[in-house]
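Subject: Structure for your review

Dear colleague,

Please find below the structure that I am handing over to you, together with its sequence.

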Amino acid sequence: MKTPVLLFLTLALAGRAFSAEAPAIELKNKSAFTVENNSRNPFWPIGWKPVAKLSDPSSGDHAGPDIAASAFLVSSITLGSANRFAIVNGKIMQEGQQFGLQIGSQTYQITVKAIQDGRVVFGRRDQEIVAPLRRK
């Protein structure tokens, strides 16, 4: 009985002595953030300024030859009452979905226009590509 009471008193005195010696903490510089007409995205690094990219007609989706249907491997098609899905080049695609197709060093923007029984219709600019269902 004496041991817990002695221990409590010792800890109480030690805590009081420790808190009396510690100096109070004062902030020297307070940080502040003001929004200036939403001119800077808060997720951008400090000091970074966005640079407008000029489109280069020799790169990207605006140039290049027509894409062959052999660039797409349609391995599965699921036709549901509301949704239609296809596995294209190992990835699940849905009608209306856009994705980037990389051929060599070029990346082309492709849209899944329609998923039909036995084939998938893709679109790129004015080109329409029909890829049949292929079994491995």
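Conventions

This is a predicted model, in which local features need pLDDT of at least 70 and side-chain atom pairs count only at pLDDT 80 or more, whereas totals for chains, interfaces and linings use all residues. Residues are numbered from 1 along each chain as its sequence is written, and side-chain values use heavy atoms, with hydrogens and water left out.

Overall make-up

The protein chain contains one helix and seven strands. Helices (H or I, at least four residues) and strands (E, at least two) are DSSP runs, numbered from the N terminus. Read from the N terminus, the order of elements is α-β-β-β-β-β-β-β.

Of the 136 residues in the protein chain, 17% are buried; buried means under 20% relative accessible area, exposed over 50%, and partly exposed in between (1.4 Å probe, protein chains only). The accessible surface of the protein chain is about 11300 Å², and carbon and sulfur atoms account for 57% of that surface. Accessible areas come from the Shrake-Rupley method with a 1.4 Å probe; for residues, only the protein chains shown count as cover. Among contacts (heavy atoms within 4.5 Å) between residues at least 6 apart in sequence, 43% join residues at least 24 apart.

The three-stranded sheet

Strands β1, β2 and β3 form an open antiparallel sheet in the order β1-β2-β3. Its edge strands are β1 (74–79) and β3 (91–94), each of which pairs on one side only. From one strand to the next, the twist averages 20°. Two strands pair if DSSP finds at least two bridges between them.

Five bridges pair β1 with β2 in the antiparallel sense, and Ser76 has Ile87 in β2 as its bridge partner. These two strands form a hairpin with four residues between them.

Strand β2 (residues 84–88) is joined to β3 by four bridges, and the two run antiparallel. Ala86 stands opposite Met93 in β3, and Val88 has Lys91 in β3 as its bridge partner. The hairpin formed by β2 and β3 has two residues between the strands. Asn89 lies in the loop between β2 and β3 and has a positive phi of about 50°, although it is not a glycine. At 35% relative accessibility, Asn89 is partly exposed.

Strands β6 and β7 run antiparallel and are joined by six bridges; Arg124 has Gln127 in β7 as its bridge partner. Arg125 lies in the loop between β6 and β7. Its phi is near 50°, a positive value in a residue other than glycine. Arg125 counts as partly exposed, with a relative accessibility of 45%.

The nonpolar core

The largest nonpolar core has 17 residues, and those with the most contacts inside it are Phe72, Phe99, Ile110, Val120 and Phe122. The elements giving two or more residues to this core are β1, β2, β4 (98–103), β5 (106–116), β6 (119–124) and β7 (127–132). The most comes from β5, with four residues. A nonpolar core is a set of buried Ala, Val, Leu, Ile, Met, Phe, Trp, Tyr and Cys residues joined through side-chain atoms within 4.5 Å.

Leaving aside neighbours within four places in sequence, Phe99 is in contact with Phe72, Met93, Tyr108, Gln109, Ile110, Val112 and Phe122.

A buried glutamine

Gln127 lies in strand β7 and is buried, with a relative accessible area of 15%. Leaving aside neighbours within four places in sequence, Gln127 is in contact with Asp66, Ile67 and Phe122. The side chain of Gln127 reaches the backbone oxygen of Ile67 at 2.9 Å. A polar contact is a pair of N or O atoms within 3.5 Å; within protein, one must be able to donate a hydrogen and the other to accept it, and residues adjacent in sequence count only if both atoms are side-chain atoms.

With kind regards

Technical notes:
Axes fitted to C-alpha atoms, helices over the stretch in contact; angles between N-to-C directions.
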